[in-house]
Amino acid sequence: MTSRAASTALLLAVAVEAQVGQHGLLASPFNLGFEPVPLNRSCYRVPLAVNGTLPDFLRGTLYRGAPGAWPDGWWLDGLLTINAFKFEAGKVFFTMQWNKDEAYNRTVQSKPAAPSLERPPVPGGLRHPANTSWPTGVAFHQVQGNLVSSTGVSNINSIDFDTLEPLELPFAYSDDLGAPFLAPTHDSTVDGHVLHHLTTGVQKNSGGTTGYVVTSIKPGTRKREVVARIDRPNASSWKGLPSFQHMPLATAEYYIMLESNCYYPDSVTAVGEVDWTGWQSNPLATAHVRVVSRATGESFLYPLAYNIFAIHHINAYKDASTNSLVVDTIQLFPSEVPCSMAFRGTKLSVLKTGAAGVGYSMSKPLRLVLPLDRPGTKVQPKPLTDASGMEFPTIRYDEHNGKPYKYAYGNWMFKKTAPFYDSIIKINVETGEHVHWHVEGHYPGEPVFVADPNGAAEDDGVIMTNVLDTQRKETYLLVLDARTMMEMSRAGPTPHTIPHGFHGRYFDGPDAAKASREDAVWV
């Protein structure tokens, strides 16, 4: 499909949205994934019925974030529910709590959002108090043994491994960088080091210099050490604006940023909200990859042969045989479609039309090969496979993030006319071959790989995710054999349907707190 067709599809979705509002057209079954969760709902260790066989090595917990209420009508601004599937001796227990941040608490108390500050607590930051907590739960990782959840700001929250109750809102770093800043939702954890960056000087009257501050947290600490300060990145835009990035990549030697011609809104909004109509694009600016040396902080730029906008990347690693850096990513939509147009399609009423599925089906897994001895070389992206429509990619993360790998998994548009991702795909990135799992009317969340500790091959393990069954109107946990993509077991249904969500992580038993209660309670 052409970029013109993609633009037409988005405009069609907006038009259909207007018609739905005016005439009340029947909703698609997949809209069950946009049904709100009661704001007073929670549950703890609810046993789920298991059908099939669960591998003995599953003894940890899968954590999953999903929006459950949308006060401002934008999907990505939703208040977050945190969901946990805990494995114990062949059984699965489900726990759910709301992320009890400032936006959630004010919504429950029917209070208006707190006013913004005239100036940020630190130059270049957001104009909100330093101790503000956001609706995190979009992604998960660990810092100093703490389970933390994140969203697109530097303020993250720590939660209890078992109960999911808040512990630190926000999580307190032991450094003087201050907060809050715009930042990627994801970190990149390599050999225990948590790498990330802050984005500075974006909002009006924020002071400071536009740019990035790349940071690294050593294992066992919570101090963000500065790897590099990149002021006024003119390669990103002629105005020196930092580009929007949802996710970085990293290897043992490098921090990697795909800088597209997409820029944050400069408007100031309430905590938990984004001005989705205020995104900026520059079709004349050139996308490139910025490679930052973790040892020296020096940047090396590689322009791309054509513009790529990516939300989620797959992996990056150094190929010693060619002295090159391999960067695998997913082009979300055609180059000519500006992100400012695409983000308008994340309005909940637009998504409910199902027309956005046309755009999802056009995403492409790509490989970028950067010659390390020739910085500045123009890079020609190459397709990893002929399967389009892949998103929310994952790999055998703990062992292969930042290192050579063979397999990637992700959500996939099996039916190109589907309104949402309706399958899970496995891709061999060396050959392009792919296999998938699909059941009509079932919409899986982001797949998560869990390794078999006794396995020898990279794909020895399982893929797991929560799945929305629109036929039975329920959610269940799916476990697939990662080698064959054949179903091994299901556990469910959960006490309520889990809405279409974002990201998840699995942490094994030693890292997760043991349950202290055996009773099941939900309200």
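Contact, in this notebook, means heavy atoms within 4.5 Å. The model is predicted, so I take local features at pLDDT of at least 70 and side-chain atom pairs at pLDDT 80 or more, while totals for chains, interfaces and linings use all residues. Residues count from 1 along each chain as its sequence is written, and side-chain values use heavy atoms, with hydrogens and water left out.

**Entry: Leu58 and the core**

I started with Leu58. Skipping its neighbours within four places in sequence, I find Leu58 in contact with Phe87, Val450, Val462, Met464 and Tyr506. Next I looked up the largest nonpolar core, which has 28 residues. A nonpolar core here is a set of buried Ala, Val, Leu, Ile, Met, Phe, Trp, Tyr and Cys residues joined through side-chain atoms within 4.5 Å. Buried means under 20% relative accessible area, exposed over 50%, and partly exposed in between, with a 1.4 Å probe and protein chains only. Leu58, Phe85, Phe87, Val92, Met464 and Tyr506 have the most contacts inside this core. At least two core residues come from each of β1 (43-48), β3 (61-69), β4 (79-88), β5 (91-98), α2 (102-108), β29 (448-451), β30 (461-469) and β31 (474-481). Which of them gives the most? That is β5, with 4 residues. For the labels: helices (H or I, at least four residues) and strands (E, at least two) are DSSP runs, numbered from the N terminus.

**Entry: the largest pocket**

The largest pocket holds about 1,000 Å³. My pocket is an open set of points on a 1 Å grid over the protein atoms alone, where a 1.4 Å probe fits, with protein on both sides within 12 Å along at least five of seven lines; lining residues have an atom within 4 Å of a point. Points are joined across faces, edges and corners, and the volume is the space filled by probe spheres set on them.

I get 47 lining residues, with Tyr397, Asp398, Arg505, Tyr506 and Phe507 nearest the centre. Tyr506 also turned up above, among the core residues with the most contacts. Elements supplying at least two lining residues include β6 (139-143), β20 (313-319), α6 (397-400) and β33 (504-507). The largest share, 5 residues, is from β6.

**Entry: strand pairs**

I call two strands paired if DSSP finds at least two bridges between them. Strand β22 (residues 364-371) has 6 of its 8 residues buried. I count 8 bridges between β22 and β21 (residues 324-331), running antiparallel, and Ile330 stands opposite Pro365 there. With β23 (residues 382-383), β22 makes 2 bridges, again antiparallel; Arg367 faces Lys382 in that pair.

Further along, β26 (residues 423-428) and β27 (residues 434-438) are antiparallel with 5 bridges. The bridge partner of Ile427 is His434. This hairpin has 5 residues between the strands, and Gly432 takes a positive phi near 85 degrees in it.

Outside its sequence neighbours within four places, Glu118 is in contact with Arg127 and Asn205. Its C-alpha sits 8.5 Å from that of Ser206, 88 residues apart along the chain.

Not counting residues up to four places away in sequence, Asn131 touches Asn155, Leu169 and Pro170.

Most residues other than glycine have a negative phi, and most peptide bonds are trans. I therefore noted the exceptions. The bond joining Leu169 and Pro170 is cis, with omega about 0 degrees. Another cis bond joins Ala179 and Pro180, with omega about -5 degrees. Pro170 lies in the loop between β9 (166-168) and β10, and Pro180 is also between β9 and β10.

Ala89 has a positive phi of about 50 degrees; Ala89 is in the loop between β4 and β5 and is exposed at 80%. Arg232 has a positive phi of about 40 degrees and counts as exposed at 51%.
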